[in-house]
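Q: I would like to learn how to read strands, crossovers and loops in a model. Could we go through them together?

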Amino acid sequence: MRTADDYEQLLKKGYGHIGRVGYLSPGIVDETLSAQFYRMAPHGVTLVRTSLELKDVTVEEVNAAVARTEKASAELGKYRPDCIIFGGSPTVAVPGHGFEKVIVDKIEKASGRKAFSAQAAALEALRKHGARRLALATPFPDNVNAMVKEFIEKLGFEVLSIRGSGVAYLDLTLTPLQTSWDLGKRVFEEAKNADALYFPGAPQPCVDIIDALEDEFGTFVISSLQASLWKALQIIGYRVPINGYGKLLRELE
């Protein structure tokens, strides 16, 4: 809801008067990523997005997208966002363990802005809430899921269950929330003893079911985009709890 104070800030400083979050999005087309971001983000926080031109979730396409990162970072840096998110789980998992630190360093040097990877933000959120045994509901094919699993487990987590939605990449933004709900429920029940349910893949429609899934299963639930927003808000210095999108944002501090 817009307040008088928010309106005054819009008049004086513009839409990003609280903060401007840069995003290096793998996907060439955006719909559900920005839609979900603006459902969660406070008024006054904007998404400054550019694309790495990924057309499908294949090893070849991921590597090609990663190769475009430095050039895209330099261009994004010209718009002076408060921080830059390197989106994607495959974009760090396919190149292998340790790559996330290498690419973040390159992004910061190319852009002159503070950066972090979406995958690192999610794992930081899981550690903060004591989650080590995970169930993963992804939009990725099986071969990429195997790389994501290996990447996460090398960082000290145990992936008890991981499944992809089976939705074609071009249809991902058309996916109803019920698909994510059913997939999340399936992997969490298969895992049996998971500490958390994690939805990698920022465009995957899911943020509006996080609260309900936490209530249904009595567990901690995060998504890639939700965790990225959480980390970005810390950098910006925004500390007001956000309701409706899970424990992570509800306990923002």
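A: Gladly! Let's begin with handedness: a crossover is right-handed if, with the strands pointing away from the viewer, the path from the first strand over the helix to the second runs clockwise. In this predicted model, E7, helix H10 (residues 210-217) and E8 form a right-handed β-α-β unit.

Q: In what sense do E7 and strand E8 pair, and over how many bridges?

A: E7 and E8 (residues 220-223) are paired in the parallel sense, over four bridges.

Q: Which residue stands opposite Tyr 198 in E7?

A: That is Leu 136. Strand E5 (residues 133-138) pairs with E7 over three bridges, in the parallel sense.

Q: Which way do the side chains of strand E7 point, and are they buried or exposed?

A: The general idea comes first: in a regular strand the side chains alternate between the two faces of the sheet. In strand E7 (residues 196-199), Ala 196 and Tyr 198 point one way, Leu 197 and Phe 199 the other way, and all are buried.

Q: Now a loop residue: where does Pro 241 lie?

A: Pro 241 sits in the loop between helix H11 (224-236) and helix H12 (247-250). To judge exposure, remember that partly exposed falls between the buried limit of 20% and the exposed limit of 50%. Pro 241 has a relative accessible area of 45%, so it counts as partly exposed.

Q: Which residues is Pro 241 in contact with, leaving aside its neighbours within four places in sequence?

A: Those are Leu 249, Arg 250 and Leu 252. As for Leu 136, its C-alpha atom is separated from that of Pro 241 by 25 Å.

Key. Residues numbered from 1 in each chain as written. Predicted model: local features only at pLDDT ≥ 70, side-chain atom pairs only at ≥ 80, totals over all residues. Heavy atoms only, no water. Helix = DSSP H or I, 4+ residues; strand = E, 2+ residues; numbered from the N terminus. Buried < 20%, exposed > 50% of the residue type's maximum accessible area, 1.4 Å probe, protein only. Contact = heavy atoms within 4.5 Å. Pairing = 2+ DSSP bridges.
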